[in-house]
Amino acid sequence: MKKLLQISAALAITLCATQRSFSQGCVAIRGTGNACMIAHADSSNHSQWVVSASGRYFKSFRHFSGATENKERLVQHTEVINHTASVDINIMRILNDRWSLMVDLPVISNTRSSLYEHGLVNGANKFNERHSMHSFGIGDLRIAAYRWLLDPKKSYRGNIQLGLGIKLPTGDYNYQDYWYNVGPNGTKELRPVDQSIQLGDGGTGVTVELNTFYNIFHNFGVYGNFFYLVNPREQNGVRTYRETLSPRLANEAIMSVPDQYMARGGFSYSLNPILKGWAVAVGARLEGIPVHDLIGGSGDFRRPGYVWSVEPGITYSGEKFSFFATVPVAFVRNRTQSVTDKEYSDKTGVFTRGDAAFADYSINAGVSFKF
């Protein structure tokens, strides 16, 4: 029974361990590092090291204003297409059966293909040329401490873990590539890439996390994870050039530094003794960027919004090695009205809301080793 409880606990924790690379396209939620411990709540091994590597990939191309898809973008071939791949390298030190410390650094590769950034004049692309921009490098480093709130020796059936961390602006938030057809006589210019493929956000933030699991039966349980990044800085000073695309976008000339959030929960089922160490899970996942930050201003350019997904997953948990894979599939995508959208709406009396490109699904997988 103890082994079954270990697997169920590991499933609840491992599934969220490498999924802070939130990006869903133009709703630009970047990787902020692994949020959860991979060690079991009932781990009795003190002074243990856990090294993890995980990856996430998705392609965003479906444009939404609010919860309504702008299907004409696909018909007209004017959609923005983002390909994002990230790898998180995570090192964790388990101090005892309650406390752990974690350092996480993401490595990110992005490609963005679009028409509107390469020759748009008064709402029309006079060159009608699609070009791509790229970004590659490390993201924002995160350091966090975790504590199991209940005594693992007594609360072996379920537990709650609290995490508190700091996110440092180590990722390049002014990464540049060429915009075509924007200079004199249609030449190209080196400019900052879109916010959705910047490697960092330029802010020093605080992360708060809550992870929990409870075993209802010996091989069936529930799990839940919550993550919030508080970014007090309002804007990072990087120009978007959106004001050159349309006079309406004058209030979006500088990039915002938004908060981010993620919540997920579901059910897990251990496959023991048929498949020793394996378990499956299914749940719901919510991730997004809020319209208003908890601390500091919320103006300048951001694409607020959220994604609801159904998230099936599978894990393997051994004595020294663990593996997970999940595929969140979106069923609700909503590009909400930003502060600058609301300001323009109030000024003109015309309801305004920008759009954003979202993915249909993402692929997440990772491994961890204990030493």
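Me: A polar contact is a pair of N or O atoms within 3.5 Å; within protein, one must be able to donate a hydrogen and the other to accept it, and residues adjacent in sequence count only if both atoms are side-chain atoms. Which side chain does a polar contact join to that of Thr84?

Reply: The model is predicted, with local features needing pLDDT of at least 70 and side-chain atom pairs pLDDT 80 or more, while totals for chains, interfaces and linings use all residues. Residues are numbered from 1 along each chain as its sequence is written, and side-chain values use heavy atoms, without hydrogens or water. At 2.9 Å from the side chain of Thr84, the partner is Asn110.

Me: Which strand holds Thr84, and is Thr84 buried or exposed?

Reply: Thr84 belongs to strand 3, residues 81–94, a strand being a DSSP run of E of at least two residues, numbered from the N terminus. Buried means under 20% relative accessible area, exposed over 50%. The relative accessible area of Thr84 is 7%, so Thr84 is buried.

Me: Which residues does Thr84 touch beyond four places in sequence?

Reply: Contact means heavy atoms within 4.5 Å. Asn110, the polar partner of Thr84, is also on the contact list.

Me: What is the distance of the polar contact between the side chains of Glu69 and Arg62?

Reply: Glu69 sits in strand 2, residues 68–69. Outside four places in sequence, Glu69 touches Arg62, His63, Phe64 and Leu74. The side chains of Glu69 and Arg62 make a polar contact at 3.2 Å.

Definitions and conventions. Helices (H or I, at least four residues) and strands (E, at least two) are DSSP runs, numbered from the N terminus. Buried means under 20% relative accessible area, exposed over 50%, partly exposed in between (1.4 Å probe, protein chains only).
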